[in-house]
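Please keep the sequence and the model in view while reading.

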Amino acid sequence: MDPARFTRVDATTWRIEPFGAMRVPAIIYADEDLIRAMDDKVFEQVTNVAMLPGIVRASYAMPDAHWGYGFPIGGVAAFDPDRSGIVSAGGVGFDVSCGVRTMLTGLDVADILPVQKSLADSLYRQIPAGVGSTGAIVLDPVEMDAMLTGGACWATEHGWGDARDLERIEEQGRMAGARPECVSDRAKERQRLEMGTLGSGNHYLEVQAVAEIFDTGVAEAFGLRQDNVVVTIHCGSRGLGHQIGTEFLKEMVVAAEASGIALPDRELACAPIHSEIGQRYLGAMRAAINCALANREILGHYARRIFGHFFPDHDLRLLFDVSHNTCKVEPHVVDGKRRNLFVHRKGATRAFGPGHESLPQALRAVGQPVLIGGSMGTGSHILVGATTGEEKAFSSACHGAGRALSRHAALKQWSGRKVIDDLAAQGILIRSPSSRGVAEEAPGAYKDVDAVVMAAEHAGLARRVARLRPLICIKG
DNA sequence: ATGTAC
């Protein structure tokens, strides 16, 4: 994008004053290089979102923003239910509650290296990955509804996980307000065999080493030291969330028209929060959040089991589990008044700063861990929420590196074999059922994650704590 | 992201 299209507020804040039907300004947080590399579609989409009813303060895009369905990926927008605010399935995304968890192993790189290959093979053998992958858990209708209501709590009650994890999961592992009866039979059928599976695309399980510490004090509070090994899992609500997204997007196009909402783009289909369909979507979406929370808890359990085999004296402790694709009701101060807003984060994480009441005691003084996945070769980052983030973007931050090339373009440039060999030469072991998927996820197809997190830090969204480099990646 | 289109 041409930087001249914006009012530049500071080095990492780019503002678009309302024009046309925009109700609020649009603000993109990024450095100049990231803005130049960003698709013009982000400008169009972030300003389109600013036209939706009930939006408050501004329509935001994070430094990793790119073109998405209707809303940009890396978009944050909050709506006030008492000012005709809307909820949008496209504002959450198809993979409802896709997210990341990082678990501490208590091990060092030196412990992993001698078994790196057999550990990679074990993880790959025992963790179902890939399109349409199914697992060992079969849900009957009663257990399906229990899972959709109970989330990670349901998983731990069934022995897949550890109850001590719960306080370090958003919503303490269980999203309230889920309504399984609002989830279609088809969505449930698709999920029947998919619990405890990784899925495909950019989903992964990685074994990572702490490569660099930026903030020793916070790293200490998070339990991270140089050369420590962690396990990070990135996945979501699988077929269930996708089916819910598909169905409600279609239904919301009709609903928006019926409510007299003028849509600048059909893909922004939405419904008033107070409408019947809006409430039904929220009930189904919250059920899908529980599905994703349960899924990550089960996958964490599998990782524990496999690590337990290699390292009987060590247990995996959850650092944090955070979603990237959600709509959450949160109190925020707007125009001097505390209001309950419906905050859509699509390809953006919650990033509560120190002192936030929803953080567990062990983390409250430091702030929320913000987990940012990079690509297979370039590593990931752990940040901490900053107090300034509240005013900047309703306490939100970027979620990853963000694609620089389309999947199609990546396929033309790389083969899966070459990507795997190049990374193996750097000591990074990739295991995946899909050679094509690996090519699509080639490190070169992603933006520079270091630049993205640097921009997020400069913009006051979150602060860097540690950089992680991959050792093993199980790719969907 | 996704039984990679119903």
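S97 is buried, because its relative accessible area is 0% and the cut-off for buried is under 20%. The model is a predicted one. S97 sits in the loop that runs between α3 (89–92) and β7 (99–108). Its phi is near 60°, a positive value in a residue other than glycine.

F394 is a second case: phi of F394 is near 50°, again positive in a residue other than glycine. Most residues other than glycine have a negative phi. F394 belongs to the loop between α12 (389–393) and β17 (396–398). With a relative accessibility of 0%, F394 counts as buried.

## A buried glutamine

Q368 is found in the loop between α11 (361–364) and β15 (369–372). Is Q368 buried or exposed? Its relative accessible area is 0%, so Q368 is buried.

The side chain of Q368 reaches the backbone oxygen of R350 at 2.7 Å. Neighbours within four places in sequence left aside, Q368 is in contact with F222, F320, V322, R350, A351, F352, L359, L383, V384 and G385.

## Helix α2

Helix α2 covers residues 40–49, and seven of its ten residues are buried. These are V42, F43, Q45, V46, T47, N48 and V49. What do the buried residues of α2 pack against? They pack against four strands named here in order: β2 (13–16), β3 (26–29), β4 (59–66) and β5 (73–79).

The N-terminal end of α2 is capped by D39, which has a side-chain oxygen 2.8 Å from the backbone nitrogen of K41.

## The chain as a whole

Chain A contains 16 helices and 19 strands. Its C-alpha trace spans about 60 × 50 × 50 Å along the principal axes. A compact globule of 476 residues would have a radius of gyration near 23 Å, and the 21 Å of chain A agrees with this. Of the 476 residues in chain A, 62% are buried. Among contacts between residues at least 6 apart in sequence, 77% join residues at least 24 apart.

The accessible surface of chain A comes to about 17100 Å², and 51% of this surface belongs to carbon and sulfur atoms.

How values were computed:
Residues numbered from 1 in each chain as written. Chains lettered and ligands numbered in written order. Predicted model: local features only at pLDDT ≥ 70, side-chain atom pairs only at ≥ 80, totals over all residues. Heavy atoms only, no water. Helix = DSSP H or I, 4+ residues; strand = E, 2+ residues; numbered from the N terminus. Buried < 20%, exposed > 50% of the residue type's maximum accessible area, 1.4 Å probe, protein only. Polar contact = N/O pair within 3.5 Å; in protein donor to acceptor, adjacent residues only side chain to side chain. Contact = heavy atoms within 4.5 Å. Rg over C-alpha atoms; globule rule 2.2 N^0.38 Å. Areas by Shrake-Rupley, 256 points an atom, 1.4 Å probe, with all protein chains shown as cover.
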